[in-house]
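Dear colleague,

Please read them with the model open beside you.

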Amino acid sequence: MSQKRILVTGAVGQIGSELTMELRRRYGNDNVVATGRKTAPSDELKDSGPFKFIDVSDIESVAETVKEYNIGTIHHLAAILSAVGEANPVLAWRVNITGLFNVLEVAREHGCAVMTPSSIGAFGPTTPLDNTPQVTIQRPTSMYGVTKVAGELLCDYYHSRFGVDTRGLRYPGIISNVTLPGGGTTDYAVEIYYEAIKNGTYTCPLGAGTFLDMMYMPDAVDAAIDLMEADPDKLTARNAYNVSAMAFDPEKLAAEIRKHIPGFTMDYDVDEMKQGIANSWPNSMDDSSAREDWGWNPKFGLPEMTEDMLKVLGAKHEKGEL
Ligand code: AKB
């Protein structure tokens, strides 16, 4: 039989767009099938390998794609983020739960491994918010969080009941410079860099003192690939692993940016809905299980990430691309 390929759902999204290109670099362009629901893919994504429009809430379109391309691994990234999910809970359930359920069902039938992100959003106000353990109370208060906990349980279930090779990551806020995030609570930590470069000033929707876990995109991409390459016998969690690279609040982030752009200013216009969600999420997670089980070891902290973000976005700005 020909080589099994990798399928990426949500490949036009913030993480999917960069993960797809890295998977293509590592495993070959034709071996990585990118899919999206309706947003047009970039030329890079469309021209470098197979691309298809599918709707993950339609199980037939997932099953057909898995058969057509002889898929062995699915990176299932199609999801609604927290702020959009709170504005439209029905949509969040359909995409995050029906979508994941469909992917797991198809994976069970066709023997695929599945990587799917959970999130810091899978925790809630009754979770210990500092050094949040791998196994702890999960009573989120957002619809996004409800779908993430249910998704983690589904992954556990498909692994223990049917032997599906499920693997997951509780991603924190992800900061990147290729594709903007689409409606999360942590989006401010991306927007601030764009605004710092373009206008030298930013109005922050989360208040000072709101500490959250964060990660730079290269580490987020490595985490997904490294987890899927890990020895299955070493994995103690089949729902999702805590992974973090840094934790900061808006003040700390702004101070880091000011080291490079001394005139940068920030004020606040707090978005009550986002603030409520952020307050219910961990200040910092304990990711020692990921470090022990599969060698998680992020390369970027706040200073390294800030230097790189400002360099990349500065160059884009000069070329008129921002
Ligand atoms: C969001 O803010 O919704 C996401 C997340 C932390 O899961 N970035």
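Rings of Phe, Tyr and Trp (its six-membered ring) count as a pair if their centres lie within 6.5 Å, and the pair is called stacked when the planes are under 30 degrees apart, edge-to-face when they are over 60, and tilted otherwise. This is a predicted model, in which local features need pLDDT of at least 70 and side-chain atom pairs count only at pLDDT 80 or more, while totals for chains, interfaces and linings use all residues. Residues are numbered from 1 along each chain as its sequence is written, and side-chain values use heavy atoms, with hydrogens and water left out.

By the ring rule there are nine aromatic pairs. One of them joins phenylalanine 51 and phenylalanine 53, which lie edge-to-face at 5.1 Å centre to centre, with 85° between the planes. Tyrosine 158 and phenylalanine 162 make a tilted pair, because their centres are 5.2 Å apart and their planes are at 50°. Phe101, Tyr157, Tyr158 and Phe162 form one aromatic cluster.

Tyrosine 158 is buried, at 3% relative accessible area, whereas phenylalanine 162 is partly exposed at 33%; here buried means under 20%, exposed over 50%, and partly exposed in between, with a 1.4 Å probe and protein chains only.

As for disulfides (pairs of cysteine sulfur atoms within 2.5 Å), the count is zero. Cysteine 155 is in none, and the nearest cysteine sulfur, that of cysteine 112, is 14 Å away. Cysteine 155 is buried, at 1% relative accessibility, and cysteine 204 is buried too, at 0%.
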